[in-house]
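Here's a quick walk through the fold and the contacts between the chains. Have the structure open while you read.

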Amino acid sequence: MAWKRWRIEEVIHYPGSQEVEKYVYTPGIHGLELAKALREGRVLGMKCPDGVYVPPKTYCPDGSPGELVEVRGPWRVVTYTLVHQDIYGNPLPEPEALALIRPDDADYGGLIHRVRAESIYIGMEVKPRWKPPKQRSGQITDIEYFEPA
Amino acid sequence: MRPNIFVKDKVAVVGAGLTLFRRRLLETPRELAWEAARQALDSAGLTFDDIDCVVMGTAPDAFDGVHFNGEYFADVAGRNKPTVRVYVGGGTGVFVPIAAWWHVASGLCKTALAVAEEKMSPAHPHPQGVFAYIWDPILERPLGPNLIWIFAMEMRRYMHKCGATKEIIARVSVKNKRNALDHPAAQAAANITVDDVLRSELLVWPVNRLDISPVSDGAAAVVFASENEARRITDSPVWVEGIGFALDNTHWYNRELAYPRYVNYAARMAYKMAGIERPWREIDVAEPYDPFDYKELHHIEGLMLARPCEAPKLLEEDWFDRSGELPTSPSGGLLGVGNPIAAAGLMKVAEIFWQLRYEAGPRQVKKPVHYGLAQAWGDLMQVGTVIVLGN
């Protein structure tokens, strides 16, 4: 096989992209309830035979339908990471902490979210920092970040 | 004559479930799959714990807009169980039960749940955009093809070769949409006339709007069990008598477009396993894949349920009606019930299951039924998948 270090301008090439214009996802049955709750500054979980799961997902891992419950925390860091580069490899001005955060009144799951704190450790108690009610749109980003409780 | 195939366990279908088929449903893909799976298990009197293995199918991830879509909805029943996703494009719907069959027939699993899901509505502006990327990127894509183009060319070729007119072909759409009026999950059921089809919006001649199945969200599930398990679960198991699948060459223009040879090979494989020598007499009810109306006729011929070019003539004699000699698409098919791609194929398998159990209610065909078949087709218009069931 002939091989040399080609420059893209030197070869006939066929640019292509493989995207539809956009996707419009539906939230699902319990997802819709979660979205409504986020707008009200609340987080929902799902009560299953083996415990409470966050977030709610309509059916439990054993296949039974779950029951919606509100979870109130306190929230704790289960694990975390510090992001130093963005997706293009550019260094971030400040490392950004991302964590799996589980409320004490849930047994499984949790939310993946940003944490803003001087330091972060596993087991650290945090609380959600909500956007002002008028800016909330039923998305996970209605919580701006978690901060030390 | 049955071939000498070593099958450890005879395989039965013991339950089936279906969600509504609609243009856009609130449920996520996971929830659709869960709903169908739950119904299928309920109908068999089983729970998720009774399932040994899970086989699932969905056509391109790009519709749902979730990569690894199979894995994404796998936890419906596949948590900590042997779970696999199979994929042959539009043929997936019938390939999922084929794979579930070999899970059980091999003795690997005593029970297997087959789930197929498709949510086409997330892709905007239209899911047709996803199909733009199935083409050869060098020779075909620069022309801006869409899926309907090649079907229009195949349909034209079929019309030319078999002397079928648009009026005759439109009767498939009329029949299937009418059949779907009795289907509780149907999206595109309607009482229409041949004139309505001919006068509907012309998309890519000779294909009009009502010649095509709709864009749909939906899921279907079917439960398989080994003979011993099946006898415990139900008094009226439906047996998997034969399965077949075949892949033709990649370039659709290298084939005789008027005859689906790949479907024919798949069907011959399934008939051989089932010991069926004269399918046109022995098959009592069929669900050939009908995303376009001419496709049903095309596939009826490929399945040897009619001679090549004979299907249009038989259609005119109401041969394929529910009260006819060989009812096809008694469910309403993709044209009537809807076309959430992988789920649509499995819906056809579910329909044959209900027909063979005499549980199809108002959709039950008039004649007594012993053998039925479901078929799907897909990939780059080159794969045929066939399953033959018997009671």
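Predicted model: local features only at pLDDT ≥ 70, side-chain atom pairs only at ≥ 80, totals over all residues.

Let's start with chain B, where an open sheet of 9 strands runs in the order 3-2-4-8-1-9-12-11-10, with mixed pairing. Its edges are strand 3 (83-86) and strand 10 (285-287) of chain B, each of which pairs on one side only. From one strand to the next, the twist averages 25 degrees.

At the strand 3 end, strand 2 (residues 53-57) of chain B runs parallel to strand 3 of chain B, and 4 bridges join the two. If you want a landmark there, B:Val55 has B:Val84 in strand 3 of chain B as its bridge partner. Helix 4 (residues 92-105) of chain B packs on this sheet, and the strands it touches include strand 1 (11-18), strand 2, strand 3 and strand 4 (111-119) of chain B. The direction of helix 4 makes about 165 degrees with that of strand 2 of chain B.

**The sheet in chain A**

Chain A has an open sheet of 4 strands, ordered 4-2-3-7, again with mixed pairing. Strand 4 (67-71) and strand 7 (108-109) of chain A are the edge strands, each pairing on one side only. Strand 2 (residues 43-48) and strand 4 of chain A run antiparallel, with 5 bridges between them. In that pair, A:Lys47 sits opposite A:Glu67 of strand 4 of chain A. Helix 1 (residues 29-39) of chain A packs on the sheet, touching strand 2 and strand 4 of chain A, and its direction is at about 145 degrees to that of strand 2 of chain A.

| Strand pair | Bridges | Direction |
|---|---|---|
| Strand 2 and strand 3, chain B | 4 bridges | parallel |
| Strand 2 and strand 4, chain A | 5 bridges | antiparallel |
| Strand 1, chain A, and strand 5, chain B | 2 bridges | antiparallel |

**Helix 7 of chain B**

Back in chain B, helix 7 has 14 residues and reaches 20 Å from its first C-alpha to its last, close to the 20 Å expected at 1.5 Å a residue. Is helix 7 of chain B mostly covered or mostly uncovered? Mostly covered: 11 of its 14 residues are buried. Among them are B:Ile168, B:Val174 and, on the charged side of things, B:Arg171, B:Lys175 and B:Lys177. The buried residues pack against helix 8 (194-199), helix 12, helix 13 (311-316) and helix 14 (333-336) of chain B.

Take helix 12 (residues 293-302) of chain B: its axis lies 7 Å from that of helix 7 (residues 166-179) of chain B, at an angle of about 100 degrees. That makes the two helices of chain B roughly perpendicular. B:Ile169, B:Ala170, B:Val172 and B:Ser173 come from helix 7 of chain B, and they meet B:Asp293, B:Tyr294, B:Glu296 and B:Leu297 of helix 12 of chain B. By class, that contact has 5 nonpolar, 1 polar and 2 charged residues.

**Where the chains meet**

Between the chains, 26 residues of chain B are in contact with 20 residues of chain A. On the chain B side, helix 1 (29-44), strand 5 (123-124) and helix 5 (128-131) each give two or more residues. Helix 1 of chain B gives the most, with 4 residues. By class, this side of chain B has 13 nonpolar, 5 polar and 8 charged residues.

Terms used
Residues numbered from 1 in each chain as written. Chains lettered and ligands numbered in written order. Axes fitted to C-alpha atoms, helices over the stretch in contact; angles between N-to-C directions. Parallel < 35°, antiparallel > 145°, perpendicular 65-115°, else oblique. Contact = placed C-beta atoms within 7 Å. Pairing = 2+ DSSP bridges. Expected span 1.5 Å × (residues − 1). Buried ≥ 20, exposed ≤ 12 C-beta atoms within 10 Å, placed from the backbone.
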